[in-house]
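Okay, everyone, thanks for coming. Let me put the sequence and the model up on the screen, and then we'll walk through a few parts of it.

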Amino acid sequence: MRLPFLSYDPKWKKQFESIKRELEAILKPLNPDIDHIGSTSVEGLSAKPIIDIQLGVANETDLDWLPSLLKLPNIVYYEKYNQDWPERRFFILLKESIDKIAVPDVVKAGEEIPAILHDHDLRIAHVHAFVKGTPDWIRHIAFRDYLTAHPTVKASYQELKQNLIQLEWVDGNDYNKGKDEFLKVQEGDALR
């Protein structure tokens with residue numbers, strides 16, 4: 001599969017702000033930190049046009065409440081990913097309702113992800129949730145800020161992404177594995 005990839009678009013920040021306001025209203029009882037992360041948050045960086053959002057909650061109990069609070073007509077909870085990354089909860093925000101495209105609201109452990117959900121053109125946002133202050137929560141924000149502060153690193157990342165996006169991928173996770181080595185080195189620098 002080929003993934004969508006666009007030059008930086010200032011509307012991504014506006015999309016994030018709009019989604020953030022919606023999430024703040026829905027998640028008001030948890031009072032999460034809501035941050036724009038990933039490539040769409042870095043001015044000048046090309047990206048898949050899917051907004052990456054990070055929720056920071058107070059504790060693991062709040063993390064476990066998120067799936068019930070985010071039970072909305074156009075959100076799919078990827079419960080299956082909890083096995084590999086138990087400190088994170090992951091959701092996708094879709095352009096269409098789950099009923100309209102006939103997908104479940106939860107992809108459970110052991111279940112295959114419905115093929116239609118691999119279509120990145122259906123996605124508006126990826127929502128990653130962590131407990132505030134944990135290494136993963138810190139790492140995502142630090143990497144965003146590091147790319148913003150280091151233009152040569154940002155240019156190298158841009159070049160890597162442009163090369164990778166030309167390849168065929170099984171899914172978005174497969175594409176992310178192609179960036180792993182670069183990310184681990186740069187994230188280490190960002191956290192120093």
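So, on one side of helix α5 we have Pro 151, Thr 152 and Glu 159, which are exposed. Exposed here means over 50% relative accessible area, buried means under 20%, and partly exposed is in between, with a 1.4 Å probe and protein chains only. Before I go on: this is a predicted model, where local features need pLDDT of at least 70 and side-chain atom pairs count only at pLDDT 80 or more, while totals for chains, interfaces and linings use all residues. Residues are numbered from 1 along each chain as its sequence is written, and side-chain values use heavy atoms, leaving out hydrogens and water.

Back to α5. Which of its residues are buried? Those are Val 153, Tyr 157, Gln 158, Lys 161 and Leu 164. Looking down the axis of α5, these buried residues fall within an arc of 140°, so they line one face of the helix. That arc is taken from the directions from the helix axis to the C-beta atoms.

Zooming out, the protein has 6 helices and 5 strands. Those are DSSP runs numbered from the N terminus, with helices being H or I and at least four residues, and strands being E and at least two. Along the sequence the pattern reads α-β-β-α-β-β-α-β-α-α-α. Of the 192 residues, 48% are buried.

Now find Leu 70, in the loop between α2 (60-69) and β3 (75-77). Is Leu 70 buried or exposed? Its relative accessibility is 3%, so Leu 70 counts as buried. Leaving aside residues up to four places away in sequence, Leu 70 touches Leu 23, Ile 26, Leu 27, Leu 55, Ile 75 and Phe 91. A contact means heavy atoms within 4.5 Å. Leu 70 and Leu 93 are 23 residues apart in sequence, and their C-alpha atoms are 9.9 Å apart in space.

Contacts across the whole protein, then. Among those with a separation of 6 or more, 71% are between residues 24 or more positions apart.

Last stop: look again at the exposed side of α5, with Pro 151, Thr 152 and Glu 159, and then turn the model to the buried ones, including Tyr 157 and Leu 164. That's my tour, thanks!
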